[in-house]
Amino acid sequence: MPENSLPTADTDPAKGASPLSLEISGVSKSFGRFPALNGVSLQARDKEFLALLGPSGSGKTTLLRVLAGLERPDAGEVRFDGEDFLSIPVRRRKVGMVFQHYALFRHMTVAQNIAFGLSVRPRRERPSKSDVADRVADLLKLVQLEGLGGRFPAQLSGGQRQRVALARALAIEPRMLLLDEPFGALDAQVRRELRRWLRDLHDRAGVTTVFVTHDQEEALDLADRVAILKDGTLRQLGTPNEVYENPADPFVYDFLGAACRLPGVVEDGRLTVADWETKAPKDAPQGRVDVFFRPNEVMFAPLDGAGLAAEVTAVAARGPDVRIECLIEGKTFELEARGPGIPSGVAPGLSLRVKPLRPKVYPARVDA
Amino acid sequence: MTAQAILASPTKARRRPWVQHSILPGFGLSLGITLAYLGVIVVLPLVALAIRPWELGPAGVFHALAAPRVLAALKLSFGLSALAALLNAPLGVLLAWTLTRYQFPGRRILDALVDLPFALPTAVAGIALTAIYAPNGALGALAAKVGIKTAYSPLGIFIALVFIGLPFVVRSLQPVLQELDHEVEEAATTLGANSLQRAVRVILPALGPSLISGISLAFARAVGEYGSVVFIAGNLPGKTEIAPLLIVIKLESYDYAGAAAVGLAMVAISFGSLVAINGLQLMLARRGRA
């Protein structure tokens, strides 16, 4: 394939956004009879921070390994800066991959680990010893591990090892950075600390970054755009705000946060759920639907107000929030209220009405 | 008061501050059996060996060991054992690599073959080796044509020692190669390493400690090897006579103290080399694990 056949940088100059750098089209990959990826297409812009989000078995790690060149797709195309990426062997792709369990070289010091990518270059391209040392020192500073260059990986904490792996990947000046569950093996405290730091690092390094996670909070918090995968297919691609505010389907809605679901009917622009009728959301499907709402996006009203008839079965304070367990249409829902939103005199046995503030409507599915 | 009674009373047990407290009962009893068993089985014979030569007096021991025939035998045994173990190192790595990294028909049979030198009675191995390396044997005749004497020469001894040492090296390496994290190699590849660089810089160093342990086992076994060597060696005093054989010869001529002196020298050299090898191994292992 001629390398300059697709001038991707010029395809959408009108938008003013940075040009596309990564284009994945129709990538499929099966392991034996198990289809790990099923015709996934997505794009990432230059210097973008893209999250691949999905439950385990969704194919997100397989897609990352395809980008790294560690898996060969059965079908599809991957282009990077217009170049056919799949025809470039792994070791010439210049992708910085950070593995979930870091995969550090245990017999090498931290500095030797970081310098590895430079030291395996052909002699002509290899930087001089002092240049390598300078680069290692810079990277150690970047990942805040100054003075630890002489340690062995076994002498470091999990978070430190993770940063060594990152520095090692950055040392080769990668065209693209790939992170597989970068915080997966760390405890919650360290995760949150490293998250902001990683975002900061990405912004400074200015490298297109793709990272895999199963943690929706992490993806929404960190990424410029989130690709949500399930069963080897792309369900939705968008900014964290877009996907959270406007999930493409019930799976995405459910996966991105706590969800309440009730059956309803849309007719003539009106949505009816049990004894509650309201204006149907824009572009709601007609007929039988599933109505989704977030447990913290509800308004409580007295029994004579508007909303779904509900009976309180339990109340528990949780910090500034109050968790109100309600029976609606014979189903138990755990709702949340805070501050002035807390209904007065709420206690088990109280009957009231619950009005979802931003219901999302999807065509009804027969199965659960 | 019995040992159990002392253990049963916690106040008395505290009288032994050097013993780390354990919830498992029976420390005194099990340590006692351990010490007694090791004492009878291992230490006592060694002590006897260490004492025996001195009935010759210090000068006598020196005289017994300084004899050219003895020195030649010790040099031959330890020198060829070391050489054989060192040859087995690269070949053992290659074999272990082939057996763990590739899938091919007959792999399991090859894998079983590696154990054969372990399993074969040494005398049987000796006869087999002699049969093919003797001047009228298949390989021996071939070598003789190009002017190389295999059996009844130091080369023959070397071949026998390589033969018996091989499984030690291969079997020490195989589990490590098998459990080597695949992601580490993938990481090296994404960083730009070619397959040779991966093998030399990533995989081999990870094998270091177990390779050394395999080499030391092969060496220790080769030093003490008797059965498979005596047939192929030719046993010419001062030329192809190994130290264990010299001990037997001395015993047969009722020179018990002299035999014990050679034995003691072997123990001392073996022990010294094993300590050195273990130290090296510890150093390598510490780098990786800490």
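Predicted model: local features only at pLDDT ≥ 70, side-chain atom pairs only at ≥ 80, totals over all residues.
**Exercise 1.** Determine how F105(A) and F116(A) are arranged and where they lie.

*Solution.* A search of the whole structure finds 10 aromatic pairs over all chains. In one of them, F105(A) and F116(A) have ring centres 4.6 Å apart and planes at 50 degrees. As to location, F105(A) belongs to the loop between strand 6 (95–98) and helix 3 (110–119) of chain A, whereas F116(A) is part of helix 3 of chain A. The two residues are 11 residues apart, and their pair links distant parts of the chain. Both F105(A) and F116(A) are buried.

**Exercise 2.** Characterise the pair of Y253(A) and F292(A), and explain why it ties together separate parts of the sequence.

*Solution.* The centres of Y253(A) and F292(A) are 5.2 Å apart, with 50 degrees between the planes, a tilted pair. Because Y253(A) lies in helix 9 (residues 250–255) and F292(A) in strand 14 (residues 287–293), both of chain A, the pair ties together parts 39 residues apart in sequence. Buried means under 20% relative accessible area. Y253(A), at 2% relative accessibility, therefore counts as buried. F292(A) has 4% relative accessibility and so counts as buried. Y253(A) and F292(A) form one aromatic cluster with Y362(A).

**Exercise 3.** Identify which residues lie over the rings of F105(A) and W97(B).

*Solution.* Over the face of F105(A) lies R168(A), 4.6 Å from the ring centre. In chain B, the charged end of R101(B) sits over the ring of W97(B), at 4.9 Å from its centre.

Definitions and conventions. Residues numbered from 1 in each chain as written. Chains lettered and ligands numbered in written order. Heavy atoms only, no water. Phe/Tyr/Trp six-rings, centres within 6.5 Å; stacked < 30°, edge-to-face > 60°. Helix = DSSP H or I, 4+ residues; strand = E, 2+ residues; numbered from the N terminus. Buried < 20%, exposed > 50% of the residue type's maximum accessible area, 1.4 Å probe, protein only. Lys NZ or Arg CZ within 6 Å of the ring centre and 35° of its normal.
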